[in-house]
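This report looks at charged side chains and how they pair. The sequence and the model come first.

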Amino acid sequence: MTEPRWVIHLPTTLTSRDAAIDLVNALRTSLAHVPVLDFGEATLSEEDQQSTRTRIWCDAPIGEPRAGPGSRRCQRFVGHPGGCESGRG
């Protein structure tokens, strides 16, 4: 049996969705060297609507089917125009 993965919920005092996305983007950049963090799966929710989460990044597999940690995934924002890219944005 596979061990369960844990999710860290980190409340903020931010009051706008755009500011929250900017913060998650900055955390992804500054913590990219930490292999146990999966920012591709990051979501946002309003404080009183925590059961309704919004994905931030596309996270679609690029090239070969997802092969686990370290595989290439799209790092563009959800709903981006054009094809997927492994670069940021």
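Is Arg55 buried, exposed or partly exposed? Arg55 is partly exposed, because its relative accessibility is 34%. The model is a predicted one, and every value here is computed from it.

**Salt bridges**

The count of salt bridges comes to five. Three of them are listed here.

| Pair | N to O distance |
|---|---|
| Arg73 and Asp38 | 2.7 Å |
| Arg73 and Asp59 | 3.1 Å |
| Arg55 and Asp59 | 3.6 Å |

Take Arg73 with Asp38, bridged at 2.7 Å. Arg73 sits in the segment after strand 2, while Asp38 sits in the loop between helix 1 (17-30) and strand 1 (43-44), so this pair ties together parts 35 residues apart in sequence. Asp38 is partly exposed, because its relative accessibility is 26%.

Arg73 also bridges to Asp59, at 3.1 Å. That pair links distant parts of the chain, with Arg73 and Asp59 both in the segment after strand 2 and 14 residues apart.

Asp59 has a further partner in Arg55, at 3.6 Å from N to O. What is the relative accessible area of Asp59, and is Asp59 buried or exposed? The area is 5%, so Asp59 is buried.

These pairs belong to a wider picture. A network of salt bridges links six residues: Arg5, Asp38, Glu41, Arg55, Asp59 and Arg73.

**A buried arginine without a salt bridge**

Arg76 is also in the segment after strand 2. Arg76 is buried, yet it has no salt bridge. Which side chain of opposite charge is nearest to Arg76? It is Glu85, 4.0 Å away. Arg76 does have a backbone oxygen close at hand: that of Pro81 lies 2.9 Å from a polar atom of the Arg76 side chain.

**Gly63**

Gly63 lies in the segment after strand 2 (54-55). Its relative accessible area is 73%, so Gly63 is exposed. The cut-off behind that call is over 50%. Gly63 and Arg73 are ten residues apart along the chain, and their C-alpha atoms are separated by 8.7 Å.

**In brief**

Arg73 bridges to Asp38 and to Asp59. Asp59 is buried, whereas Asp38 and Arg55 are partly exposed. Arg76 is buried and has no salt bridge, but the backbone oxygen of Pro81 lies 2.9 Å from a polar atom of its side chain.

Methods
Residues are numbered from 1 along each chain as its sequence is written. This is a predicted model: local features need pLDDT of at least 70, side-chain atom pairs count only at pLDDT 80 or more; totals for chains, interfaces and linings use all residues. Side-chain values use heavy atoms; hydrogens and water are left out. Helices (H or I, at least four residues) and strands (E, at least two) are DSSP runs, numbered from the N terminus. Buried means under 20% relative accessible area, exposed over 50%, partly exposed in between (1.4 Å probe, protein chains only). Lys and Arg count as positive and Asp and Glu as negative; His and the chain ends are not counted. A polar contact is a pair of N or O atoms within 3.5 Å; within protein, one must be able to donate a hydrogen and the other to accept it, and residues adjacent in sequence count only if both atoms are side-chain atoms.
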